[in-house]
Structure formats: C-alpha cells, structure tokens
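Please open the model in a viewer and keep the sequence at hand.

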Amino acid sequence: MKKYMYLCLAVLGIGLLASCKAKKGVEATFSDLDGGWNIVELNGKAMNPAETNQSIEFDVARQTLSGKAGCNRMMGKIEYSDSRKHIIKFPQVATTRMACPDMSGERELLQVLDKVVRFEAEGEVKPVDRIVFYGTDNARLMIIERK
C-alpha cells in the first residue's frame, strides 16, 4: 500500500512540475529583423512613431540599418554572428546633420543603439512582430514593432 501511495505522489509531483513550467515564447532569429520597424518604446517610455518620426529598417543581407532618428536620417552597420545567436551590436551609426529645434529624442535613440548587445522576440506566435533590445545589464532599452 505504501509503495502505491509513494508512486501516486511521485506521479502527482511530476505532473505539477510539468504544468508549472513556464511557456517559452517564440525565438527571434537575425533574419526576423529584416524589414521596416517602428520604435514603440525607448528606455521604458512608450513612443508614438507618428509623433517622434523614429523608425528603423534592417537589411539583414547587407548587415546594415537605416531609418529616421527623428529629424535626421540615420544609417549604420550591424554586427551579428550566427555562432552567437541573439547577440547584436550597432557600431558606427551616423546621421545627417540637419538643424532641428529639439534633438533630445534623437540623441536618446542614438545612445540606446550604442548600448544594445542582444535581442529577443516579444510574444509567443510567429511571425515575429515585436522585438526587444537589451543592454549589458539586461535592461530593456528599446522595443520595435513591425510596420
């Protein structure tokens, strides 16, 4: 009788552990970045792309980025290696030099791009339509949403 009770408790415990296992979200790949994106969150603040005029376009084949930083256009390189999935960097991001009344949002975006070290999909379904970028301290720096 004790063996039967221990067996039932073991099966029940395994069932509980399996049901408590967290759902794993969808995994973003480098190729998922390809195309146009709106910047919807920056340093924890919700952004309205229509107001901020900030968007980003990734060309995965050429490993480049381009887009609008606010007032100015931006362009740059992407550092990514298949051997280190989810690790990404944006070195040498440059902008045009138009005079704008308020450059604070643009400066903030460029600073965030400089701090990015990895990315993950947000959500649990394919296709990936939201991606989160993180810094070295695992802080969420930016969220982009597919156009």
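A residue is called buried under 20% relative accessible area, exposed over 50%, and partly exposed in between, with a 1.4 Å probe and protein chains only. The model is predicted, so local features need pLDDT of at least 70 and side-chain atom pairs count only at pLDDT 80 or more, whereas totals for chains, interfaces and linings use all residues. Residues are numbered from 1 along each chain as its sequence is written, and side-chain values use heavy atoms, with hydrogens and water left out.

**First stop: the disulfide**

Select C71 and C100, which are joined by a disulfide with an S to S distance of 1.6 Å; the term denotes a pair of cysteine sulfur atoms within 2.5 Å. Now display the secondary structure, in which helices (H or I, at least four residues) and strands (E, at least two) are DSSP runs numbered from the N terminus. C71 belongs to the loop between β4 (64–69) and β5 (73–77), and C100 to the loop between β8 (94–95) and α3 (104–115); the pair thus links distant parts of the chain, 29 residues apart. C71 is partly exposed, because its relative accessibility is 31%. C100 counts as buried at 15%.

**Second stop: the aromatic rings**

Which residues do ring pairs link into a cluster? Select F30, F58, Y80, F90, F119 and F133 to display them. Rings of Phe, Tyr and Trp (its six-membered ring) pair if their centres lie within 6.5 Å; planes under 30 degrees apart count as stacked, over 60 as edge-to-face and the rest as tilted. Six aromatic pairs are found in a search of the whole structure.

Focus on F30 and Y80: the ring centres are 4.1 Å apart and the planes stand at 10°, so this pair is stacked. Because F30 lies in the loop between α1 (2–20) and β1 (35–42) and Y80 in strand β6 (residues 79–80), the pair ties together parts 50 residues apart in sequence. F30 is buried, at 7% relative accessible area, and Y80 is buried at 13%.

F119 lies in strand β9 (residues 118–121) and F133 in strand β10 (residues 130–134), so parts 14 residues apart in sequence are tied together. Both F119 and F133 are buried.

**Last stop: a charge over a ring**

Finally, select R118 and Y134. The charged end of R118 sits over the ring of Y134, 4.0 Å from the ring centre; the criterion is NZ of Lys or CZ of Arg within 6 Å of the ring centre and within 35 degrees of the ring normal.
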